[in-house]
Amino acid sequence: MVQANDNGGARSRAPLPGWFTGTLKTLGSIAVTMLGLVFITFIIGRVMPIDPVLAIVGERASQSTYDAAYLQLGLDKPVIVQFSYYVWDVMQGDFGMSRLNARPVAEDIARVFPATLELATLGVFFGIVLGVPLGVVAAVRKGSWIDQVARVVALVGYSMPIFWLGLMGLLVFYGMLGWVGGPGRVGIFYEDIVPSVTGMILVDSILDRNWTVLKDAFSHIVLPASLLGYYSLAYISRMTRSFMLEQLSAEYITTARVKGMSEWDVVWKHAFRNIRVQLITVIALSYAGLLEGSVLTEIIFSWPGIGSYITTALLSADMNSVLGGTVVVGLVFILLNIFSDLLYKVFDPRAK
Amino acid sequence: MADQTLRQWLLTDTPTSRRHAKLSAIYQGWLSFRSNTMAMIGLWILLALVGIAAFAPILSPHDPFVQDLGNRLAPLGTESHILGTDSLGRDILSRLIYGSRITLYIVALVALIAPVVGLLVGTVSGYVGGWVDVVLMRITDIFLAFPRLVLALAFVAALGAGIENAVLAISLTAWPPYARIARAETLTIRAADYISAIQLQGAGAMRIITRHIWPLCVSSLIVRVTLDMAGIILAAAGLGFLGLGAQPPSPEWGAMISEGRRFILDHWWVATMPGLAIFTVSLAFNLLGDGLRDVLDPKGGE
């Protein structure tokens, strides 16, 4: 924020009010969006055909037990009051109890979320490492064979069902070639060996200096993460390419070339430097997309993350868990979107 | 006129009537579309798909539901079962052929529901403005803020599994981008002089929106719908794969992958073939969408 104001010399008349109302507006819209998100999950919870009281007391409960639970859940109150209770609970991180294992949903989510985070992070890392250079080269050599390859790679990425590609990956790299570990996070012999500190097994095994577990865990994560990485690569490389094309047609690039600057410096020191902010927002968005893409991937690879959690809960009609998981994924999604917006505003003086 | 060919008539620089000008514009669009090989490939694949779906009973060698437990998991190239059989001995090729009907059904329904809802919300929001705009756009933002698949999952969980509910859930998550596009278009159109002119003639908001704004939003929406179709097919297949879309024994492609998943290491073709079908169709939609974008919405391209 400070930087944005420093850059805007012309706007130095009254920087505080604009900055202040702007921040207030952003915060307000974040709050409304989050409230809306909770409202939608609340509505979904209402329209479902499962009786929440029966779900708790069971079918053979007496009428008085049923009534007591009914009152306890606040179902006699007006819907708007019920909703405010729900919002209040969610704000405190209380998503209710799971029907399946009678544990707080929030605890379960806290346990499974690191696994998804680890997978998506490594995935987006692969996507950046391969996608950004591919996009840059495709833009610099526009129309060449490498540009065509980049186009096909992206097109295939947009058209391939991720769960199917996961199955094929398992078939080839695990079933036929045996290069990678199979489903799950670690082999069965290595389970629960390293103490869980962060919940991310790669980090935990490094902290524990247990290189055997690290190696095994890596052999398990590498396939699903590359798969997710491929999807973010498709998106990142396309966006990088179009950002770069925009820069490369600018006049300052011509000037730099006329000055006799090497092509490497023109591309990386001039053009690329100017797309970094845009690129970071794209990466934040594709990170959010991977959280979503991991739902199906996790199922294929029996990865105990939030995607598996939501679908397992869904198939056993454990509605509190489904809604809790949806809210959490939605919140992370919103936060990443806001983060990318903010970055843009802070680092790009043009987007005042 | 008499010695003019149809082609010359269509390519004239001096159209003689409104319809002549319109047909001429369409023909020129078609010519530039036709020169795009990739887009034409996409179009041909989709036409083939429609043909296959229409003539499924004639084309499929077997009944897709008849089980033959003595001949289960037959490999590729088995006599009379070119693509093999699944775990219940049903012919995979026939199931794929019948599955194309389900895919088209889902695509058609979503393509009808989502853009219409988006068009309605977007144009009203853009034309009326004020607090209506604020409220409608906020709602749109909230839906956009949800990860689509997760939201669709939650909807299906509430509504119950099934193909209609899957369509509904996908549509509910797919309309916001259309609303955004329609609103942006409306905002630019609203300020145009001809809108003021018809306002002076006494046209009401309803008439202006439906007769004068909608027709102009349609072309950018069509492009967007075509590009989104691939995503919709993948989402529908994903729901089917999770067991939340079409229910067995329906030959829906996603559900077929899910069935084949259990035998993936020993009998790979059971899950591979439906996946290839999904990939082909969504690729075709992507190719077609790219081509259409270049023709209908040149400013949207690179």
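Helices, numbered from the N terminus, are DSSP runs of at least four residues, and strands are runs of at least two. On that basis, chain B of this predicted model comes to 12 helices and zero strands. Read along the sequence, the pattern of chain B is α-α-α-α-α-α-α-α-α-α-α-α. The C-alpha trace of chain B spans about 75 × 60 × 30 Å along its principal axes. Chain B has 302 residues, and 44% of them are buried. Among contacts in chain B with a separation of 6 or more, 68% join residues 24 or more positions apart.

Within chain B, one helix pair was examined in detail. Helix α8(B), residues 163–190, packs against α10(B) with the axes 9 Å apart. The angle between them is about 155 degrees. Angles over 145 degrees count as roughly antiparallel, so α8(B) is roughly antiparallel to α10(B). The crossing of these two helices is right-handed. From α8(B), the contact draws on A166(B), I170(B), A174(B), P177(B), Y178(B), I181(B), A182(B), E185(B), T186(B) and I189(B). From α10(B), the residues include I213(B), L216(B), C217(B), S220(B), L221(B), R224(B) and D228(B). Also on the α10(B) side are I232(B), A235(B), A236(B) and L239(B). By class, the residues of this contact divide into 16 nonpolar, two polar and three charged.

The two chains also meet. Their contact takes 40 residues from chain A and 36 residues from chain B. On the chain B side, the elements that give two or more residues are α6 (130–145), α7 (148–159), α10 (205–241) and α12 (269–296). That side of chain B has 24 nonpolar, seven polar and five charged residues.

One helix pair spans the two chains. The axes of α7(A), residues 145–159, and α12(B) come within 8 Å. They cross at roughly 120 degrees, which makes α7(A) oblique to α12(B). This crossing is right-handed. L155(A), Y158(A) and S159(A) of α7(A) meet F279(B), S282(B), L283(B) and N286(B) of α12(B). The residues of this contact comprise four nonpolar, three polar and no charged.

Several local features of chain A follow. Helix α5(A), residues 79–91, has 13 residues. From first C-alpha to last, α5(A) reaches 18 Å, close to the 18 Å expected at 1.5 Å a residue. After α5(A) comes G93(A), with a positive phi near 75 degrees.

A271(A) is found in helix α12 of chain A. A residue with 20 or more other C-beta atoms within 10 Å of its own is buried. A271(A) has 24 such atoms, so A271(A) is buried. With neighbours within four places in sequence left aside, A271(A) is in contact with M244(A), Q247(A), L248(A), I253(A) and V266(A). Y252(A) lies 19 residues from A271(A) along the chain, and their C-alpha atoms are separated by 9.1 Å.

Most residues other than glycine have a negative phi. S302(A) is not a glycine, yet its phi is positive, about 45 degrees. S302(A) is placed in the loop between α12 (263–300) and α13 (306–315) of chain A. S302(A) counts as partly exposed because it has 13 C-beta neighbours inside 10 Å.

Conventions
Residues numbered from 1 in each chain as written. Chains lettered and ligands numbered in written order. Predicted model: local features only at pLDDT ≥ 70, side-chain atom pairs only at ≥ 80, totals over all residues. Contact = placed C-beta atoms within 7 Å. Nonpolar A, V, L, I, M, F, W, Y, C, P; charged D, E, K, R; others polar. Expected span 1.5 Å × (residues − 1). Buried ≥ 20, exposed ≤ 12 C-beta atoms within 10 Å, placed from the backbone. Axes fitted to C-alpha atoms, helices over the stretch in contact; angles between N-to-C directions. Parallel < 35°, antiparallel > 145°, perpendicular 65-115°, else oblique. Left-handed = near helix turned anticlockwise from the far one by under 90°.
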